[in-house]
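Dear colleague,

I am handing over the structure shown below, together with an account of what was found in it. Please read the account with the structure open beside you.

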Amino acid sequence: MSLARQIIQDHLRAVEALFGLTDAIEAAGRTLSDSLARDGKILLCGNGGSASDAQHIAAELVGRFRDERPALAAVALTTDTSILTSVGNDYGFEQIFARQTQALARPGDVFVAISTSGNSANVVAATRAARALGCKTVGLLGRDGGVLGGLVDQAVVVPDPETARIQEGHILVGHIWCAMIDAALKEGAA
């Protein structure tokens, strides 16, 4: 089998595993929708590819996903290089998301922790900060969920051993959430 065919086959296996997670995906999507409907905001963070996923999901919410609608309050904590580097320098890399969470999060907001291992120390620290501030916490995780699997209020764990396949599942879940949010907004406006 060619490498391309093998990767596509592995991708399909990982995506098919999401069928077993639909209850968790939909419950987290409702949590996100409910927060936005009550003027809450969504804070997202992760490292590497998960940082890109945080930015991608936030962009779909602030801009639009499919249908025209008002901008929604979503912030990727991965984007401000001045904050990331100053906090990293002054407090350590582990605090780069926690400090932003302490500054921006309020009760009624939802904090989305994205980590393929579930063990990213800076994402764990930020999740703890969000919980201390009364935010709901959602984990978009991989493998066995890691530390974050037991820390977040709701976890969607893509049960694959490969980081790339987990990330492919994560962005699909992010798109499902965006579609759910758009549908909930449309239903609420009707």
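Cys45 has a relative accessibility of 0% and therefore counts as buried, since the cut-off for buried is under 20%. Please bear in mind throughout that this is a predicted model.

Cys45 takes part in no disulfide, and the nearest cysteine sulfur, which belongs to Cys135, is 12 Å away. The cut-off for a disulfide is a pair of cysteine sulfur atoms within 2.5 Å. Cys135 is also buried, with a relative accessible area of 6%. The count of disulfides comes to zero.

Five strands make up an open sheet, arranged in the order 2-1-3-4-5, with parallel pairing. Strand 2 and strand 5 stand at the edges with a single partner strand each, so one side of each has no neighbour in the sheet. From one strand to the next, the twist averages 15 degrees. In general, the strands of a sheet pair through backbone hydrogen bonds, in either a parallel or an antiparallel sense. Here, strand 1 and strand 2 pair in the parallel sense over three bridges. Leu44 stands opposite Ala76, which is in strand 2.

Helix 6, residues 121-132, lies across strand 1, strand 3 and strand 4, and runs at about 165 degrees to strand 3.

Ala24 is found in helix 2 and counts as partly exposed, at 28% relative accessibility. Leaving aside neighbours within four places in sequence, Ala24 is in contact with Ala155 and Val156. Ala24 and Gln154 are 130 residues apart in sequence, yet 7.3 Å apart in space, C-alpha to C-alpha. The second residue, Ser115, has its place in strand 3 and counts as buried, at 2% relative accessibility. With neighbours within four places in sequence again left aside, the contacts of Ser115 are Ser50, Ser120, Leu140, Leu141, Gly142, Leu148 and His170.

Which residues touch the most other members of the largest nonpolar core? They are Ile42, Leu44, Ile57, Leu61, Val112, Val156 and Trp177, out of the 28 residues in that core. The elements that give two or more residues to this core include helix 2 (22-37), strand 1 (42-45), helix 3 (49-62) and strand 5 (154-158). Helix 8 gives the most, with six residues.

Not counting residues up to four places away in sequence, Ile57 touches Leu44, Ile114, Leu140, Ile171, Gly174 and Cys178. There is also a second, separate core of 20 residues, among them Leu77, Ala105, Val123 and Ala130.

Yours sincerely,
A colleague

Terms used:
Residues numbered from 1 in each chain as written. Predicted model: local features only at pLDDT ≥ 70, side-chain atom pairs only at ≥ 80, totals over all residues. Heavy atoms only, no water. Core = buried A, V, L, I, M, F, W, Y, C linked by side-chain atoms within 4.5 Å. Buried < 20%, exposed > 50% of the residue type's maximum accessible area, 1.4 Å probe, protein only. Helix = DSSP H or I, 4+ residues; strand = E, 2+ residues; numbered from the N terminus. Contact = heavy atoms within 4.5 Å. Pairing = 2+ DSSP bridges. Axes fitted to C-alpha atoms, helices over the stretch in contact; angles between N-to-C directions.
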